[in-house]
Amino acid sequence: MVAIWHVIIAGAIFTVMAAAYIGAGYAEAAGLKHLQVRGLGSIVNMLVLMLVFVMVIATLLTLAERKWSALMQDRIGPNRARIDLPIPILGPLLAKQSLAGAPHVLTDVFKMLTKEAFQPAGASKFLFNLAPMLAFAPPFALFAIIPAGPTVVVAGEKIMMAVANPDFGLLYLFAVASLAVYGTSLAGWASNNKFALLGGVRAASQMISYEVALGLSLVGMMIAFGTVQLGGPTGMSEMQSHYLWRFTEVGAAIDIGIPAWGILLQPAGFILFFAAAFAETKRAPFDVPEGESEIIGYFVEYSGMQFGLFMISEFVEVVVLAAVLVAIFFGAWYLPFGNEAIAQMPIFQEHGWLMGALYATVFWTKVITLCFLQLMIRWTFPRFRYDQIQTLGWKILLPIGIANVFVSGALILLDPSMRMLAIMGVVQVAIVTGLTLIPRPKERDEAESALAHAGGH
Amino acid sequence: MSGHDDGHGNNPTELQHNPGSAEKADLRERMYLPDLIKGLGITITHFMRNLFGERDPNPQVVNRTGMSLVSTVQYPEEKIPYPEGYRGLHRLVPREDGKPRCVACYMCATICPAQCIYIEAGEYPEDDAAVESRVIEKFPTAFVIDELRCIVCGLCVDACPKDAIRMDTYTHTPSEYNRQGFVYDIPKLLKGPSVTHPSDPWFKRGSSEEPDHVHKEAHTRIGEGHTAPRLVAGPRIEVDKSNPVAVTKFLK
């Protein structure tokens, strides 16, 4: 049953992305032919990637958060909302199905859209209404530079599956990510509520603190790939299709090797970036600015869809963070092996959109997996105290980030083929894995004494 | 060594400091990551087991060892069986002829700490057709229990000398749309299997051939004759909404 759902979801992603490639290709060609303008394809990309993929995944994550957390905690999760349509046969049939809780998404949307948008007395009207938009827009706009698929030729036009690919790439990401702080602090201030203001201050200081570590954590990757661009032929995504070590000859039936994925080159950078970006999303374990049930946060005075914007922006941040991680650390849309073999297949050379849709499905699968990982983290880790958050940001992530920059730079200088960097990364991963798997001396002693005890009796 | 590992290994910080233990935290505790990964492993294991396992709906399982660990009971469809001796909704025990065994002695109403029982006594006519009715003087013309006031202590069951009120229905009070619905009168209370004791007065008249020692005390017979399966609650008690019970006197 679960496997069938996976196939259906993958098929849906493939279909939509194939349509996106073809649509973008023909829109670009038509725009050039009739209007003599470039960029119609990018508009199609924007509609498909942002409005369809990011929004749909974010919306479904609101359900997934509840359903997945339930499964982790040995519960079932929401399954009581039903769709009751006045249709003869299909209606009663649908009304019996819980559809894995999917109707709860609809009920949430209708609830938030029909609720009163309350405004507290004495609140700054303009800023109060502006804050949710400022909180929602930046994570959404972040997605613009992330390529969701390879560049292929459709209808005679080269189609890059990204809204834009500016030269300043990651700098755009940092710049826009830092704008999100305005939404939270304005929401806190404009609410005319002391607790909201305190929540806004907490959010602002946390986000500003972690921006430093966020920027530093990616410098290692920038050095390694020699670029700040994500898309394009020299961007970080394309660079990760290269092999550090090849196990097969060039031109073999299938090429196998160790690819230059960011996670291999910079595991420390990955952990730093992940932690810092997690703090930026203000989700557990970094959710002191607002803790859904127990900490009054900056949007305490918001209701209806204005609250909904804050909530959905959190989930959009999750999707975008997952996409950024995939693009930088997890080989973008590439498979760990066999990419050259796929590129040489005649069917893919003939129909570029087919290869694009296939790789885009890989990309979105990786994104969804990382969304899953983020939700797992959110429901596993205990919340940090506020001083611990600042300690982690300034005293741990920042020094490690600086050290990481120097170590990575030195290793790249020694060996421009990045192999030494990869060995370093493997050593780091091995140390963490070893410490995780090898039991502590105390635990080991306890286990042994328990065993001896059992034998003695 | 990379900056990542060096930084964690050489900087004991408040974040990893465990104030509970006197001994110095070891490397993996100060690194924080191994323990986090272990925690993630536990939650992901639970997730996968519950995602791919088939839920065992039996609520009696204490220690689940199957694939799925979900212990949720889908309440209206599935119910946890009540334990033996559960004090459920009251019932007035009927005689074999369908009339209540109650003799309107007011003992239950007197002992009730919540004062939720209201009884009005009537007298059987001396020439009543049923022999049971001829040998007892009184019967309740009104027997009302306010289930909202009831604290389910079971004292009324203990106090009853005639085994006429029991709490062996193994259902709790079903929900209602108004308070009036929780005021149960004789038609709503009188249900369940009938009970007859050899010690009942209509047997004792004349020459009883039953020896005394087979006469069980009433309290040892709680639950006797209750045959409905415990796993499923009894049929839902239908409330006659068209004709509300007139108990305004009682509610005052």
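In the predicted model, the elements of chain B follow one another from the N terminus in the order α-α-α-β-α-β-α-β-α-β-β-α-α-α, which amounts to nine helices and five strands. Of the 252 residues in chain B, 21% count as buried. When contacts within chain B between residues at least 6 apart in sequence are considered, 64% of them join residues that are at least 24 apart.

Three strands of chain B form an open sheet, in which the order is β2-β3-β5 and the pairing is antiparallel. Because β2 (117-123) and β5 (183-184) of chain B stand at the edges and each has a single partner strand, one side of each is left without a neighbour in the sheet. Strand β3 of chain B, which spans residues 138-146, pairs with β5(B) in the antiparallel sense over two bridges, and B:Ile145 is found opposite B:Tyr184 of β5(B). In general, the strands of a sheet pair through backbone hydrogen bonds, in either a parallel or an antiparallel manner.

The contact between the two chains takes 31 residues from chain A and 32 residues from chain B. On the side of chain B that touches chain A, at least two residues are supplied by each of α1 (3-10), α2 (27-31) and α3 (33-52) of chain B, and the largest share, 14 residues, comes from α3(B). By residue class, this side of chain B divides into 14 nonpolar, 12 polar and six charged residues.

Helix α3(B) also packs against a helix of chain A, namely α15 (residues 352-380), at an angle of about 110 degrees and with the two axes 10 Å apart. Since angles of 65 to 115 degrees count as roughly perpendicular, α15(A) is therefore roughly perpendicular to α3(B). The contact is made by A:Met376, A:Ile377, A:Trp379 and A:Thr380 on the side of α15(A), and by B:Gly39, B:Leu40, B:Thr43 and B:Ile44 on the side of α3(B). The residues of this contact between α15(A) and α3(B) comprise five nonpolar and three polar residues, with no charged residues.

Within chain A, A:Ala253 is placed in the loop between β3 (243-246) and β4 (257-259). A residue is classed as exposed if 12 or fewer other C-beta atoms lie within 10 Å of its own, and A:Ala253, with 8 C-beta neighbours inside 10 Å, therefore counts as exposed. Although A:Ala253 and A:Pro233 are 20 residues apart in sequence, their C-alpha atoms are 24 Å apart in space.

How values were computed:
Residues numbered from 1 in each chain as written. Chains lettered and ligands numbered in written order. Predicted model: local features only at pLDDT ≥ 70, side-chain atom pairs only at ≥ 80, totals over all residues. Contact = placed C-beta atoms within 7 Å. Helix = DSSP H or I, 4+ residues; strand = E, 2+ residues; numbered from the N terminus. Nonpolar A, V, L, I, M, F, W, Y, C, P; charged D, E, K, R; others polar. Pairing = 2+ DSSP bridges. Axes fitted to C-alpha atoms, helices over the stretch in contact; angles between N-to-C directions. Parallel < 35°, antiparallel > 145°, perpendicular 65-115°, else oblique. Buried ≥ 20, exposed ≤ 12 C-beta atoms within 10 Å, placed from the backbone.
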